[in-house]
Structure formats: structure tokens, C-alpha cells
Amino acid sequence: MAKRSKKLQAALEQVDRHKFYDAKEAIALAKEIDFANFDATVEVSYNLNIDMKQADQQIRGAMVLPNGTGKTQTVVVVATGDKAQEAKDAGADFVGDADIIEKIEDGWMDFDILVATPDMMGQVGRLGRVLGPKGLMPNPRTGTVTQDVSKAVSDIKAGQVTYRADKAGIVNVPVGKVSFEDDKLFENFAALHERITSLRPAAVRGEYIKNLTLTTTFGPGIKIDTSTLA
């Protein structure tokens with residue numbers, strides 16, 4: 001841990017905590033000071049001026065980033081008949097119905113995303129206590145409860161990300177890997193920023209984005225000047 005702390009301290013010393021960086025400059029800096037011994041994830045964090053207790057101010061959804069995330073997602077689909085076949089044809093890693101549900105009840109969680117058709121949600125619902133805390137419960141707003149399972153699987157495999165504000169109004173979303181070219185990371189970041197900006201609730205008065213930072217898996221946060229993403 002001491003060795004890692006020294007590396008983190010060295011990285012921290014290269015970031016001006018009082019400066020709001022140009023987005024492209026921040027991406028280049030984050031990559032330069034990254035010290036992970038693997039292909040680290042580049043993530044952005046929004047601190048939004050929203051009241052999550054209000055239904056009309058909840059920020060949640062999904063989108064496909066222009067250049068993907070650099071991560072291969074393991075997708076499970078709960079469906080029957082033709083829909084199950086559609087899921088298999090689209091490249092789902094695991095497809096089933098009652099057998100998959102039973103497997104998850106028994107403790108199997110070796111997947112990243114669970115997709116279900118609406119008719120299966122009555123049975124999937126009983127997994128809420130297991131899936132809910134891990135953020136894996138299918139939801140129409142993230143496109144994971146759908147009749148179009150083929151599109152859902154294809155989008156996820158193409159680099160779809162989900163975004164959801166927590167109780168404090170914080171949204172954390174990966175926008176790629178350190179190995180990505182700077183321009184690819186910027187394109188992903190700009191696309192996400194456009195989406196988050198477009199979701200500003202009508203009830204919000206004054207500043208909507210209170211703070212925006214970019215970081216890598218182990219790296220320090222770098223404050224972003226939001227005007228450089230417009």
C-alpha cells in the first residue's frame with residue numbers, strides 16, 4: 001500500500017486542485033499520470049443540483065457511447081420462446097427463464113447485466129433483494145425490460161452504459177479506458193455530457209451541474225470546465 005500511496009501522491013502533485021481543466025487537457029493529464037498496472041477505466045462524476053426524492057428529478061437511463069467502453073459485458077437474458085432465440089442470435093451470453101432465476105437465487109452472479117422481457121418480470125421480481133443492491137435489477141428506463149431483446153443485447157455489447165443519480169445527486173459513468181485515443185475518450189465524454197445536460201429537470205433552479213470531475217481507476221479527480229464540452 002505504501003508504494004501505491006507514493007504513486008498516488010506523485011499523481012496528486014500534478015493536478016491543480018483549484019483549476020477547472022479543459023476537458024481535452026484533463027483527458028491527456030489523466031492518462032499521463034495514471035499508474036495502474038492494467039488498462040484502467042476512465043470515469044466521470046457529475047454532482048447534480050437535483051432532489052432525488054422528487055420523481056420528476058430522478059436521473060436514470062442508458063445510452064451507447066460512440067466508441068464503446070472497452071469492456072466486454074456479460075449479458076443474461078430471461079425470456080422464453082422466440083424472444084429467447086432472438087437473445088441467443090444477438091449474442092447474449094446466457095439465456096433462460098425459470099432455470100436462470102433459480103440459478104441466481106442459488107447465488108450465481110457471474111454476469112454484468114440482466115435483461116428480461118415484460119412477461120417474465122413477475123418471476124424476476126422475486127430476485128429484487130438480490131439484484132437491487134447490486135444495481136442489476138432490470139428496469140424499463142435503462143432498456144433492460146423490453147420486448148426488443150435483440151436491440152438490448154446488441155446495444156449492451158456495442159458499449160452501452162447506464163447512468164443513475166444516487167441519493168446525493170451523484171452520477172458516475174465510465175467513458176472508456178486509458179488505452180483509448182484521446183479523441184475517442186473526448187467523443188464519449190461529450191456524448192454523455194450532452195445526454196446528462198438534456199435531462200435537466202424543469203424544476204431545477206440555478207446551477208444544474210454543481211461539479212464535474214474526471215478520473216482513472218486509481219487516479220486523482222480532475223475538475224472539468226463544463227463549457228469545454230459544449
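Which side chains meet in a salt bridge at 3.3 Å, N to O? In this predicted model, the pair is Lys83 and Glu86. Both residues belong to helix α3, which spans residues 81-90. They sit 3 residues apart, about one turn of the helix. An α-helix has 3.6 residues a turn, so residues three or four places apart point the same way. Lys83 is partly exposed, at 22% relative accessibility. Glu86 is also classed as partly exposed, at 27%.

The structure holds 7 salt bridges in total. Another of them joins Asp182 to Lys31, with the closest N and O atoms 2.7 Å apart. This pair links distant parts of the chain. Asp182 lies in helix α8 (residues 182-198), whereas Lys31 lies in helix α2, and 151 residues separate the two. Asp182 is partly exposed, with a relative accessible area of 31%. For Lys31 the value is 22%, again partly exposed.

Helix α2 covers residues 23-33. Its buried residues are Ala23, Ala26, Ile27, Leu29, Ala30 and Ile33. The N-terminal end of α2 is capped by Asp22. A side-chain oxygen of Asp22 lies 2.8 Å from the backbone nitrogen of Lys24.

A further salt bridge is formed by the side chains of Asp93 and Lys157, at 2.7 Å from N to O. Asp93 is in the loop between α3 and β4 (94-96), and Lys157 is in helix α7 (residues 149-159), so the pair ties together parts that are 64 residues apart in sequence. Asp93 counts as partly exposed, at 36% relative accessibility. Lys157 falls in the partly exposed class too, at 33%.

Both partners of this bridge also touch Gln73. Gln73 is located in the loop between β2 (60-64) and β3 (75-78). Its relative accessible area is 13%; this is under the 20% cut-off, so Gln73 is buried. Leaving aside residues up to four places away in sequence, Gln73 is in contact with Asp93, Asp112, Ile113, Ile156, Lys157 and Gln160.

The protein chain is divided into two domains. Domain 1 comprises 16-68 and 160-223, and domain 2 comprises 75-158. Taken over C-alpha atoms, the domain centres are 27 Å apart. Contact between them involves 9 residues of domain 1 and 7 residues of domain 2. The two domains bury about 790 Å² between them. Carbon and sulfur atoms account for 45% of that area. On the domain 1 side, Arg60, Val64 and Gln160 lose the most area to domain 2. Together these three make up 66% of what that side buries.

The polar count across this interface is as follows. There are 0 salt bridges between domain 1 and domain 2. There are 2 residue pairs in polar contact, both at pLDDT 80 or more. On the side of domain 1 that touches domain 2, β2 and β6 (160-164) each supply at least two residues. The largest share, 4 residues, comes from β2. By residue class, this side of domain 1 divides into 3 nonpolar, 5 polar and 1 charged.

Note on methods. Residues are numbered from 1 along each chain as its sequence is written. This is a predicted model: local features need pLDDT of at least 70, side-chain atom pairs count only at pLDDT 80 or more; totals for chains, interfaces and linings use all residues. Side-chain values use heavy atoms; hydrogens and water are left out. Buried means under 20% relative accessible area, exposed over 50%, partly exposed in between (1.4 Å probe, protein chains only). Contact means heavy atoms within 4.5 Å. Domain bounds come from an automatic or database domain assignment. Buried area is the accessible area (1.4 Å probe) that two parts lose on being put together, summed over both. A salt bridge is a side-chain nitrogen of Lys or Arg within 4 Å of a carboxyl oxygen of Asp or Glu. A polar contact is a pair of N or O atoms within 3.5 Å; within protein, one must be able to donate a hydrogen and the other to accept it, and residues adjacent in sequence count only if both atoms are side-chain atoms. Ala, Val, Leu, Ile, Met, Phe, Trp, Tyr, Cys and Pro count as nonpolar, Asp, Glu, Lys and Arg as charged, and the others, Gly among them, as polar.
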